[in-house]
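I opened my notebook beside the viewer today. Here is what I looked up, in the order I went.

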Amino acid sequence: MDINEKIAEELSIKKWQVEAVVSLIDEGNTIPFIARYRKEKHGALDDEQLRSLNERLTYLRNLEDKKEQVLASIEEQGKLTDELREQILAAQTQVVVEDLYRPYRPKRRTRATIAKEKGLEGLANIILLQMTDQPLEEEAKVYVSEEKQVATVQEAIQGAMDIIAEAIADEADYRIYIRKLTFEEGSLVSVAKDEKEKSVYETYYDFEEAVKKIAGYRILAINRGEKEKFLTVKITAPEERILRYLEKKVITKENPYTSGYLKEAAEDSYKRLIAPSIEREIRNELTEQAEDGAIKVFGKNLAQLLMQPPITGRVVLGWDPAFRTGCKLAVVDETGKVLDTVVVYPTEPQNKVAETKKIVKGFIEKYGVSLISVGNGTASRESEMVIVDMLKEIGKPVQYIIVNEAGASVYSASKLATEEFPNFDVGQRSAVSIARRLQDPLAELVKIDPKSIGVGQYQHDMNQKKLSEALSAVVEDCVNNVGVDLNTASASLLEYISGISKAIAKNIVSYREENGRFTNRKQLLKVAKLGPKAFEQCAGFMRISNGDNPLDGTSVHPESYAAAQELMKMLGLNPEDIKGGVMGLSLLAKDRKGISGKLGVGDLTLDDIIKELEKPGRDPREEMPKPVLRTDVLEMKDLTEGMILKGTVRNVIDFGAFVDIGVHQDGLVHISKLTNKKFVKHPLEVVSVGDVVEVKVLSVDMQKKRIQLSMVL
């Protein structure tokens, strides 16, 4: 197989692009580095295309390795024919390779192997070849043997039938046909183990849908229902057609003595061996596809959450709500430094509302707090009431926002949080995290396992390794897309930078602590274990503000400094001129072809240099919608049908989007209510996490705490 050609065809890109990327990956370059600094080589493929390419490259290389192993194993057995070799080499998937290898795979003891040990293979061949001209019972008499433990004629025939059934089941062409037919025409059926038992899986208590049409989220829900023993699940197939197909394949002659037996063997082969195996394979495939889809949605949600714009230049009060143990508060300054912490008890059972208001008003006065960040967990609603009441009393421009606190408790109990705040308890750390995730969502959320951030669906039911790898790749792309300040970034943030391992990230922080701030990028080479290759991969993503060289504060890579300096010289600019950005540089540098030729760089690299000099260290998050800040509170009982509200998209799933409209309970916009302008295959075509949207209230169910919303106003 020409792997590069296959990938090019699958991803609808040119073969030379694939070859270039494969070569760069094999040289040890990271995806963010290839995406940002090697555009000329691959024709400006984006992060997503490069990730897909890398994924397929890994799969297809593993497939080729598997083929080599299979060919070697069959050859060792002396059974490899030219035709079989060609079939294996032409296989496009691991499943087909396994089908072809099945007859030659070392088997555990089966009914067929036991029959072969009893010397019944000859009788099986007589039946298969349909050569006998006498009743099979006569042929079988020869195989009755005390020594071989074959006591009767019927036992001999049954053993021969077991051998035939396994031979039919091992035939690759039959399996491929049956799998395809089952996938195309089969149904997934689920029924309740106990119809009377109440559960969240009641939708699937009597459920049937075509295998090829069933949605991924249904697969994952059914799998979970089966795992939790609420559902019994099976795949139905066009059994009669499959049996007729097998009979046609194995009964090649009219022979009254063998036809009946072959028909029986084909049925046994299908029901006992082929059907259960195909069912497992199809369900595994459906699950894998559903997981891949869910991981993709999770990844897009996570990217949107991480890329939410930071709220800068404000002193924030983080509020981690609770009942019995009290609400933990933490004040952080504009840089995220903790100024003060306290525990207050405005909620049940203590209800110290007046005392809480006094403490919070004191913080607002003393530290200039202008924004309160409230976690959306237990007692969030009650805390919000107290805050709004207090804001009315103080008459100062202080706002609040309810933030998704998913993962805050995971972070606060982690080793990392303990190292960061050794003298704080879990609650204090959680309050700090809630405040900081508003000031810089990316810098704070990278400290938390992406699976705990709460923007996915069925994440605990998936292949955890695959999920972790995919989400880590998303975080890596986001962090590198934004870049980091080399002098303030935490080790948690630095370890996601291209070419930087956890150990090197810690070494960078240690170097900073021992030697003071970095003044130029070259000093990175003095950091332990950070060699020339790692420097090449990471340097462009590290920013140094007010350093020795203004270019160190941009995303221009050190390898392009000479070209950038020459460009400035050509346009009559000094390095200092770029500190605030050179507006209109694109217009000054009109002759791109001529300039790139003189500078010895490609057009794409020149474009990137010009963009960066126009707006040094630009933050792509600035283009994202800002969060909705509030000064008043709404409750579910305040909602009425037809009410129009502004809200923030909290989570996007296969069948819709959950929107925070400020009433503590997120409302669901079903996929059918996202827009009436076009058919929507997936909600991500219309909305993303963090989007600020206008919605209309369709219905409110106080008992079930469900709010139905519509974006079709």
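My entries below go from the whole chain to a few side chains.

**Ground rules.** I am working with a predicted model, where local features need pLDDT of at least 70, side-chain atom pairs count only at pLDDT 80 or more, and totals for chains, interfaces and linings use all residues. Residues are numbered from 1 along each chain as its sequence is written, and side-chain values use heavy atoms, with hydrogens and water left out.

**Whole chain.** I found 29 helices and 15 strands, taken as DSSP runs (helices H or I, at least four residues; strands E, at least two) numbered from the N terminus. The C-alpha atoms fill a box of roughly 105 × 70 × 50 Å along the principal axes. Of the 713 residues, 50% are buried; buried means under 20% relative accessible area, exposed over 50%, and partly exposed in between (1.4 Å probe, protein chains only).

**Aromatic pairs.** How many aromatic pairs does the structure hold? I noted ten. One of them, Tyr174 with Tyr245, is edge-to-face, at 6.1 Å centre to centre and 85° between the planes. This pair links distant parts of the chain, with Tyr174 in helix α12 (residues 172–185) and Tyr245 in helix α14 (residues 239–250), 71 residues apart. For the term: rings of Phe, Tyr and Trp (its six-membered ring) pair if their centres lie within 6.5 Å; planes under 30 degrees apart count as stacked, over 60 as edge-to-face and the rest as tilted. Tyr174 counts as buried because its relative accessibility is 13%, and Tyr245 is buried too, at 15%. I also jotted down an aromatic cluster of Phe33, Tyr37 and Phe541.
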